[in-house]
Amino acid sequence: MSVLSIENLDYSYGKDKVLENINLSVEQNDFLAIIGPNGGGKSTLLKTILGINPITHGSITVLNSQASKSLSRIGYVPQNTNVNIDFPIKVIEVVLMGHVGEKRPLFGYGEDETLCALGALAQVSMKDFANEKIGSLSGGQRQRVMIARALCAHPEILILDEPTSNIDVEGQKQIYDLLKELNKNITVVVVTHDISVILGYASKVAHINKHLTMHDIKDEKQLHKDNEHFCEVELLQMLNSNTKSCVC
Amino acid sequence: MLEALSYDFFQNALIAGILVSILSGIIGSLIVVNRMVFLAGGIAHTSYGGIGIAVYFGLPIFLGASVFAVLAALLMAMITLHQRNRIDTFIGLIWAIGMAIGIILIDLTPGYNVDMMSYLFGSILAVSNEDITYISILTAIVIFILTFWYRDILAVSYDSEYASLRGINVKFFYTLILVLSALTVVVAIKVVGLILVIALLTIPIYIAEKLSTSLAKMMIVSGILSSLFTFAGLWLSYSYDITSGASIIIVSAISLLVFLLIKKIKP
């Protein structure tokens, strides 16, 4: 079952066409990694899926509805660098933002909302930090809190923008292990530069450089089963490439 | 000081000081966490145009300044939301034009001889009962709005992109924060004056930010600190016969220095 479908999508900033004829289908429980060179259109595609950029040509369908009508079913985790670490806010309050936009009591949060937020924190192993100030956490811990916030809204698709930027190697591994675990029940879409994601975790890779090229990791591995290191080299080339297709 | 408390004007000054401290604690916190200090400075100086219009046409000063400041806030919201390039230039322009309008209209007002320095440096000891009523109503409105929309305002302030994706009208709340800032700036001008208003809206807030784990606590701590600084400033002003607004700001600035020093010694 396709949970995210993009057909014939174009997007331009003024006269500069950033995305051209993008077609993409993400199935339920896929782990899709979106990769590509800087300026290749990764962030633009993400913003268009999330409705931040208007669709001027083509269509995006999320869970059989127009993307704009299904935003509540998408969990979004922004880049770690976008988080204001000086802001006076506790971890639990950040996670409770997952409920923002829902009907609620006059002030504060309902007991059910707090329980849900604590459950989401437990899911990402951060429950003990619920009353800590967000700025006191490490980059990896903060990112897990952001994932908990997205989970709080019970999403069917989880979209993450560079989830491991500025995070140490151990923190990166913890984040991807967590995403792999969540992927048992949720479709995961990650915009990333991390080759480890593609090799160890993702089931599909979409390479974007104005155009989009899809790669099914399982199929590729099956195809090159005699060469266990085939994909690492080819995918690294692909990341650094400015060409619109790859030979992987 | 105790002797001073028996005077009506001093009692009014204390009440106005507390109310403005509560207001500046709440709105100042929003200004600081949303990084709108320059915008608030622009609104404060632009409101001088409203003071000039009120003086020229014989209208209540608070009314003239408030309407003009709100219009300036709406204009700045429109510019910052739709014209991201050269925001600082536009704010600087509005800032200067507002002040120029105020100065020219006051020049043209026949027979006007009220000391305009009181608007530049504050005149808390000249607060009237009507002023206190106006400040009380504004404080009640701000507290009601914060109570009703706290989680939305918190979400917009912390992560506006995420709030937008959750269906929150970010532009509405951004504009609302600016309009409330404009109204707060106008009443804060009465206490510390146009020149010093930004200090009142940032110094206690900066200290409170470091001492708080939530936005709500930051607002409360800011309000308490502002009140203490206002009391101490008033005492200095009364004891040494110096300008009240400047005294309040000097007390705030010394407190900030002491706070930073303690923080450096005991991080």
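A residue is called buried if 20 or more other C-beta atoms lie within 10 Å of its own, exposed if 12 or fewer, and partly exposed in between, with C-beta atoms placed from the backbone. The views below show a predicted model, in which local features need pLDDT of at least 70 and side-chain atom pairs count only at pLDDT 80 or more, while totals for chains, interfaces and linings use all residues. Residues are numbered from 1 along each chain as its sequence is written, and chains are lettered from A and ligands numbered from 1 in the order in which they are written.

View 1. S125(A) is partly exposed, with 13 other C-beta atoms within 10 Å, and is found in the loop between helix 3 (111-123) and helix 4 (139-152) of chain A; helices (H or I, at least four residues) and strands (E, at least two) are DSSP runs, numbered from the N terminus. Its phi is near 60°, a positive value in a residue other than glycine. N8(A), which has its place in strand 1 (residues 2-13) of chain A, has a phi near 50°, also positive in a residue other than glycine. N8(A) is exposed, with 11 other C-beta atoms within 10 Å. As background, most residues other than glycine have a negative phi.

**View 2. The open sheet of chain A.** Chain A has eight helices and ten strands, and buried residues make up 44% of its 248 residues. Six strands form an open sheet in the order 6-7-8-3-9-10 (chain A), with mixed pairing, where two strands pair if DSSP finds at least two bridges between them. The edge strands, each pairing on one side only, are strand 6 and strand 10 (211-216) of chain A. Neighbouring strands of this sheet are turned by 15° against each other on average, direction ignored; axes are lines fitted to C-alpha atoms, for helices over the stretch in contact, and angles run from 0 to 180 degrees between N-to-C directions. Strand 9 (residues 204-209) and strand 10 of chain A run antiparallel and are joined by six bridges, and A206(A) stands opposite M214(A) in strand 10 of chain A. Helix 4 of chain A packs on the sheet, touching strand 6 and strand 7 of chain A, and its direction makes about 165° with that of strand 6 of chain A. Contact here means that the C-beta atoms of two residues, placed from the backbone, lie within 7 Å.

View 3. Strand 6 runs parallel to strand 7 (residues 157-161) of chain A, and four bridges join the two; in strand 7 of chain A, L158(A) is the bridge partner of G75(A). P155(A), in the loop between helix 4 and strand 7 of chain A, counts as partly exposed, with 19 C-beta neighbours inside 10 Å. The C-alpha atoms of P155(A) and R73(A) are separated by 4.6 Å, although the two residues are 82 residues apart along the chain. Leaving aside residues up to four places away in sequence, P155(A) touches R73(A), I74(A), G75(A), A150(A) and I186(A).

**View 4. The side of chain B that touches chain A.** In this model, which scores ipTM 0.83 and pTM 0.85, 23 residues of chain B are in contact with 16 residues of chain A. On that side of chain B, the elements giving two or more residues are helix 6 (129-158), helix 7 (160-165) and helix 11 (215-240) of chain B, and the largest share, seven residues, comes from helix 6 of chain B.

**View 5. Helix 10 of chain B.** In helix 10 of chain B, I203(B), P204(B), I205(B), I207(B), A208(B) and E209(B) are buried. What covers these buried residues includes helix 1 (8-33), helix 9 (197-200), helix 11 and helix 12 (244-265) of chain B. Among the elements of chain B, helix 10 (residues 203-211) has the highest mean pLDDT (94) and helix 5 (residues 117-121) the lowest (76), pLDDT being the predictor's confidence in each residue, from 0 to 100.
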